[in-house]
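The following note sets out some points on packing for a colleague's review. It concerns a predicted model.

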Amino acid sequence: MPHVLLTDLDAATMHDGYGLINDAAIAIENGRVAWVGPRAEAPAWTGATRALGGRLVTPALIDCHTHVVFGGNRAAEFEMRLEGASYEEVARAGGGILSTVHATRAASEAALLDAALTRVDAMIAEGVAVIEVKSGYGLDIDTELRMLRVARRIADMRPVHVRTTWLAAHALPPEYAGRADAYIDEVCIEGLHTAHAAGLVDAVDGFCESIAFDVGQIGRVFDAAARLGLPVKLHAEQLSHSGGTALAARHGALSADHVEYATAEDARAMAEAGTVAVILPGAFYTLRETQAPPIDAFRTAGVPMALATDCNPGSSPMASPLLAMNMGCTLFRMTPAEALAGVTREAARALGLADHGRITPGARADLAVWDVAHPAELAYRIGFNPLAERIFAK
């Protein structure tokens, strides 16, 4: 990106709340923010200057929890749930994650990439510049690796940063029925070493739940990640209180995600460990759950809260971070400032990205320019995209 001074804008810097600076300017050098502040105090500038017509500028959005690489869809299960079947009942009947595993194993790398790009394009169109992409729909080493190769290729095909996460501990495939410990050893841990050696993994995740894996099994995966120097995160306390959040905190996890059944004690442990709570209202909405995450407990304990789409074919077929913001406010009573921080500053923290999600000197100059008068409008509107421009630092 050439040197440029952006002027005539309102900047939501996301330092504390909105951190809104009216009539601001942002200086960019070599793809980084060099200066931000009131336009009247802008430094002398020899590079290009662009006026943004009083628009709002925020950090570009970050979707810190997605499953955008997968085969097929699960519209039939959507109908089943509407007829009364629970998510757990669908899963135990052989549906859920396992139905997507079948479709993903059968799909070519090219087909998986083409399908993923349509979802990524929708996110980019709403101002997203960073996307986390998980494996977890292969449940064998070859398909898990294929998913991560596709995730890496997304960044070659589109102007977006991609962080990849090894999620082989997502569900137990039929060929390992009754042998969960063997699956952990032979696929989750052995495959992790292969993926790490190939440079395909940025973090390690698991699903700690009664329909997936217990604390001991996930702990072994996390121990393997630690030996490789990889950070961990966890799908925790989504359907029941299974001890996953406490496990994540003990391992210093970047994040614990879903966390509907987390307790105040869990929140205190997360705060002490610096673990981010990733709130995923799309799954809550789609599954018609009633147990909301303990937002007040997170606030009281000082737990950072991120928001993400959880884009996946079953429990959250949503690719709109703006809708996730609205849902976070409407369903969980997050404030609009918390929602915006959740898809910028705190989402960056959930991915371990210290130089993203803020407009501050030294940060990456990934920015979103909005046709709105106030940041609260981003969470307020439903089905409306006010993005005027996305500025992406390659």
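1. Helices here are DSSP runs of H or I with at least four residues, numbered from the N terminus. Under that convention, Glu 346 lies in helix α14, which spans residues 345-350.

2. Is Glu 346 buried or exposed? Its relative accessibility is 8%, and the cut-off for buried is under 20%, so Glu 346 counts as buried. Setting aside residues up to four places away in sequence, Glu 346 touches Val 276, Pro 304, Met 305, Ala 306 and Ala 341. Of these, Pro 304 is 42 residues from Glu 346 in sequence, while their C-alpha atoms are 6.2 Å apart.

3. The largest nonpolar core comprises 99 residues, and Ile 154, Ile 279 and Phe 298 have the most contacts inside it. Helix α6 (residues 180-197) supplies the largest share of this core, with nine residues.

4. Beyond its neighbours within four places in sequence, Ile 154 is in contact with Val 68, Val 69, Leu 113, Ala 116, Leu 117, Val 120, Val 160 and Val 162.

5. The axes of α6 and helix α7 (residues 215-227) come within 10 Å and cross at roughly 20°. Angles under 35 degrees count as roughly parallel, and α6 and α7 are therefore roughly parallel to each other. Their crossing is right-handed.

6. Among the residues that meet in this pairing are Ile 184, Cys 188 and Leu 192 of α6, and Arg 220, Val 221 and Ala 224 of α7. The contact as a whole divides into eight nonpolar residues, one polar and three charged.

Terms used:
Residues numbered from 1 in each chain as written. Predicted model: local features only at pLDDT ≥ 70, side-chain atom pairs only at ≥ 80, totals over all residues. Heavy atoms only, no water. Core = buried A, V, L, I, M, F, W, Y, C linked by side-chain atoms within 4.5 Å. Buried < 20%, exposed > 50% of the residue type's maximum accessible area, 1.4 Å probe, protein only. Helix = DSSP H or I, 4+ residues; strand = E, 2+ residues; numbered from the N terminus. Contact = heavy atoms within 4.5 Å. Axes fitted to C-alpha atoms, helices over the stretch in contact; angles between N-to-C directions. Parallel < 35°, antiparallel > 145°, perpendicular 65-115°, else oblique. Left-handed = near helix turned anticlockwise from the far one by under 90°. Nonpolar A, V, L, I, M, F, W, Y, C, P; charged D, E, K, R; others polar.
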